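Me: I have a structure open and would like to go through it piece by piece. Could we begin with a loop?

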Amino acid sequence: MAETSKMVKMKKPKVIVLRTAGTNCDKETAFAFKMAGGEADLVHINELARDEKFLKDYQILAIPGGFTYGDDIASGKILANEIKYKLNKDLKNFINSGKLIIGICNGFQVLVKAGILPGVNTGMIEATLSFNDSGSFIDKWVYLGSRLKAQGSRGLCVWTKDIEDTVYLPIAHGEGKFIPRDKKALAQLRKNGQIVFKYADNPNGSIDDIAGICDTTGRILGMMPHPERHVLGTQHPRWTREGLKEHGDGFRIFKNGIDYVKEKLL
């Protein structure tokens, strides 16, 4: 067979969806990345710690939602410590090689409490996610406001390229209130354009209505709302009344991650 007639199989971006005891959104997150054109593996953190799987074999690390270790001590804190002390060197190499990370809900809590976000290299934990002002678990759909486009912050984050001005996503958390360490930390987030998503109607009391932030490179995103729960048009709670869209509002986030890897890392 002539060389020109051979079909060349395009290499797909590889996503590692990290899971552990209490993770419950791993399959939905893997589905979203597969839908966007990637390959996704569900990997337990112990597989990485025992060198049965390796971070270096992937271009995207996703830490999905759930209640890891029952949210004992504080939401995401135990997994954050495991990542810091079991995967520290491998994770630093992963980040320094220009790869992508996304943390959703519990995954956002993990990234913040591990000091990976905001990622301003002060040597201190610059923010946390704490109990909702309501004192109760919140499970509802929310709009993420459109003020960010004018501020240019979505331009920094590779995950939110060309995203709609207003997106509609579900939240499900008891500890989603974003609190920066102090006024200086908040000012730094604003100055750097790291505030990626804001609530249009703040459901949990987050400072400055913050629903999601990225690091200073724009390659690491953490957000409390669940984009993996709105990648299909039929997942919108009112699609039968308002019309069926080709994709849900969260799909673009996963597609942006996959497209970035294809353009920059493969």
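Reply: Let us begin with Y69, which is found in the loop between strand 3 (60-63) and helix 3 (77-86). Helices (H or I, at least four residues) and strands (E, at least two) are DSSP runs, numbered from the N terminus. This is a predicted model, in which local features need pLDDT of at least 70 and side-chain atom pairs count only at pLDDT 80 or more, while totals for chains, interfaces and linings use all residues. Residues are numbered from 1 along each chain as its sequence is written, and side-chain values use heavy atoms, with hydrogens and water left out.

Me: What is the phi of Y69?

Reply: Y69 is not a glycine, yet its phi is positive, at about 55°. Most residues other than glycine have a negative phi, and most peptide bonds are trans.

Me: Is Y69 buried, exposed or partly exposed?

Reply: Y69 has a relative accessible area of 22%, so it is partly exposed. Buried means under 20% relative accessible area, exposed means over 50%, and partly exposed lies in between (1.4 Å probe, protein chains only).

Me: And what about I73? Where is it?

Reply: I73 is also placed in the loop between strand 3 and helix 3. Its phi is near 70°, a positive value in a residue other than glycine. With 73% relative accessibility, I73 counts as exposed.

Me: Why is the pair of F108 and F178 stacked?

Reply: The ring centres of F108 and F178 are 6.2 Å apart and the planes are at 10°, so the pair is stacked. The pair links distant parts of the chain, since F108 is in helix 5 (residues 106-113) and F178 is in strand 8 (residues 177-180), 70 residues apart. F108 counts as buried, at 0% relative accessibility, and F178 is buried at 0% as well.

Me: Then what about Y143 and Y168?

Reply: The rings of Y143 and Y168 have centres 4.3 Å apart and planes at 25°, so this pair is stacked. Y143 lies in strand 6 (residues 138-144) and Y168 in strand 7 (residues 167-173), so the pair ties together parts that are 25 residues apart in sequence. Y143 is partly exposed, with a relative accessible area of 42%, whereas Y168 counts as buried at 9%.

Me: Which residues form one aromatic cluster?

Reply: The cluster is formed by F33, W159 and F254.

Me: Which residues have the most contacts inside the largest nonpolar core?

Reply: They are F33, L61, I83, W159 and F197, in a core of 71 residues. Helix 10 (residues 251-264) gives the largest share of this core, 6 residues. A nonpolar core is a set of buried Ala, Val, Leu, Ile, Met, Phe, Trp, Tyr and Cys residues joined through side-chain atoms within 4.5 Å. In soluble globular proteins, nonpolar side chains tend to be buried together.

Me: Where is H226, and is it buried or exposed?

Reply: H226 is found in the loop between strand 11 (220-223) and helix 9 (239-242), and it is buried, with a relative accessible area of 1%. Its side chain makes a polar contact with the side chain of E228, at 2.6 Å. A polar contact is a pair of N or O atoms within 3.5 Å; within protein, one must be able to donate a hydrogen and the other to accept it, and residues adjacent in sequence count only if both atoms are side-chain atoms.

Me: Last one: what is the mean pLDDT of the chain?

Reply: The mean pLDDT is 92, and 92% of the residues reach 70 or more. Over residues 1-7, the pLDDT is below 50. The term pLDDT is the predictor's confidence in each residue, from 0 to 100. Where pLDDT is low, the predicted coordinates should not be read in detail.

Definitions and conventions
Phe/Tyr/Trp six-rings, centres within 6.5 Å; stacked < 30°, edge-to-face > 60°. Contact = heavy atoms within 4.5 Å.
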